[in-house]
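Please read the following report alongside the sequence and the coordinates.

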Amino acid sequence: MYYDLITFTVTVETSGNGAASASPASATMGRTVTLTATPAEGSHFVKWEVVSGNIVLNGNTFTMPARDVTVKAVFAEHTYSGWTQNDNDTHTRACTVCGAEQTEACIGGEATCTKEAVCQVCGQPYGEKDPDNHTGQEAWVTTAESHTKVYSCCKAVIQQSEAHTWNDEGRCSVCGYGCTHSGGTATCTQQAVCEICGALYGNPNPGNHTPSEVWTQENGKHYHVCLNGCETHLDEEACSGGTAACTAKAVCQVCGRSYGDLDPDNHINLTEVEAVAATQQAEGNTAYWYCEDCGRYFADADASEEISQEDTVIDKLPADTSENGSDGRPENGDDTTAGGTGTAGSSGSQQSGSGTSISGGTSGKDSPKTGDDTAAGFWMGAMTVSALLAACCLVLYRKKKA
Ligand SMILES: [Zn+2]
Ligand SMILES: [Zn+2]
Ligand SMILES: [Zn+2]
Ligand SMILES: [Zn+2]
Ligand SMILES: [Zn+2]
Ligand SMILES: [Zn+2]
Ligand SMILES: [Zn+2]
Ligand SMILES: [Zn+2]
């Protein structure tokens, strides 16, 4: 009963971060004392320890003994799990002992054009990309015909698309792009011209010639020159066709030029001269063939037997005085024109040949030579066919010449 009147003290100590108290802070024996512990931020309450006084705690209360009491509130800092990121760019962690949660805004790191910033606390990306913060270089995006300047990181356009500016080698002087070249046509001497950049490329095409329209002839062959300037003889063949003659070479049916050798045995313009009988006044001639081109004489129409001009001459007949000068011949007494009337019209068959002889005579320079070198000699021959007719013609002829 005595002790009931004595008041004893309750002393509260702490360990860690927090505050603690007892209520009442002093009491007589038998009173109930209530303890209160409040952890500081970042800590939690762990337990009460009885330092002295030999009491038994019942939760946070005890019954005051007849002596002083000392108790201690033990606090400990939270022990957190790892951070977890939330949807709203925050992260949260919880105490594995008391479950207290801590939530903060994500922080730090650097957003770029391609990536969000990475939170330096929770290690997760957060926030928005920064379209102006490029990590790459300025670079060209190219097509066959154009270039566009972009950032290599995000391909954001720096300079709009424009056509390449080609140099002679087919490379763009702005972006450095090398043309792959296409189109155009290579010839035997020239590379193809690229339809995109205009540069020459590839190899000449040795089979692509440009033949001239006209033929060139050389050594009995004709060919087309290549207008591209290569030395190839296009379509070259030996000249062919046509017929060589005594004074003219054959003419090629393809190129129209003469080629090859003369054919001395082929006489195209062979003129037949009929036989003319000799008279007392004039030499005659045998039938013969004369080539107007080469001037040669032949005994036959096939020109197989060549003769000389002299071979054609038939000597005058022996003189017959009884017939001489008996009729009204032209007053001209020239030897070369005197013709006996006895022979006039002596041969009907020769009459038919007179046309050929006379027409040949009047043609002048192309006439074949007969009896002698003078025109008169020819006329003498004609007179043997028809002395009267020839004489009349001779008069006319002489008058013309005079
Ligand atoms: Zn805790
Ligand atoms: Zn975070
Ligand atoms: Zn970028
Ligand atoms: Zn370019
Ligand atoms: Zn090109
Ligand atoms: Zn060519
Ligand atoms: Zn030819
Ligand atoms: Zn001839």
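The report below goes from the chain as a whole to its individual strands.

This is a predicted model, in which local features need pLDDT of at least 70 and side-chain atom pairs count only at pLDDT 80 or more, while totals for chains, interfaces and linings use all residues. Residues are numbered from 1 along each chain as its sequence is written, and chains are lettered from A and ligands numbered from 1 in the order in which they are written.

**Confidence and overall make-up**

The pLDDT, which is the predictor's confidence in each residue on a scale from 0 to 100, averages 84 over the chain, and 78% of the residues score at least 70. Residues 323-367 have a pLDDT below 50, and this stretch has 59 contacts in the model beyond near neighbours in sequence; residues 369-402 also have a pLDDT below 50, with 69 such contacts. Two residues count as being in contact if their C-beta atoms, placed from the backbone, lie within 7 Å.

The chain holds 3 helices and 28 strands, where helices (H or I, at least four residues) and strands (E, at least two) are DSSP runs numbered from the N terminus. Of the 402 residues, 18% are buried; a residue is buried if 20 or more other C-beta atoms lie within 10 Å of its own, exposed if 12 or fewer, and partly exposed in between, with C-beta atoms placed from the backbone. Among the contacts between residues at least 6 apart in sequence, 39% join residues at least 24 apart.

**The open sheet and the nonpolar core**

An open sheet of 4 strands runs in the order 3-1-7-5 with mixed pairing, and its edges are strand 3 (26-28) and strand 5 (43-52), each of which pairs on one side only. Strands are taken to pair if DSSP finds at least two bridges between them. From one strand to the next the twist averages 25 degrees, with axes being lines fitted to C-alpha atoms (for helices over the stretch in contact) and angles running from 0 to 180 degrees between N-to-C directions.

The largest nonpolar core, with 12 residues, includes Val 10, Val 12, Phe 62, Met 64 and Phe 75. The elements giving two or more residues to this core are strand 1 (7-15), strand 2 (18-23), strand 4 (32-39) and strand 7 (69-77), and strand 7 supplies the largest share, 4 residues. A nonpolar core is a set of buried Ala, Val, Leu, Ile, Met, Phe, Trp, Tyr and Cys residues joined through C-beta atoms within 7 Å. Leaving aside neighbours within four places in sequence, Phe 62 is in contact with Val 33, Ile 55, Val 56 and Leu 57.

**Antiparallel pairs and hairpins**

| Strands | Bridges | Opposite residues |
|---|---|---|
| strand 23 and strand 25 | 4 bridges | Glu 272 and Trp 289 |
| strand 25 and strand 26 | 2 bridges | Tyr 290 and Tyr 297 |

Strand 25 (residues 288-291) is covered on both faces, with Tyr 288 and Tyr 290 buried on one side and Trp 289 and Cys 291 buried on the other. Strand 25 and strand 26 form a hairpin with 5 residues between them, and Gly 295 in the turn has a positive phi of about 75 degrees. The hairpin of strand 9 and strand 10 has 6 residues between the strands, and there Gly 99 takes a positive phi near 80 degrees.
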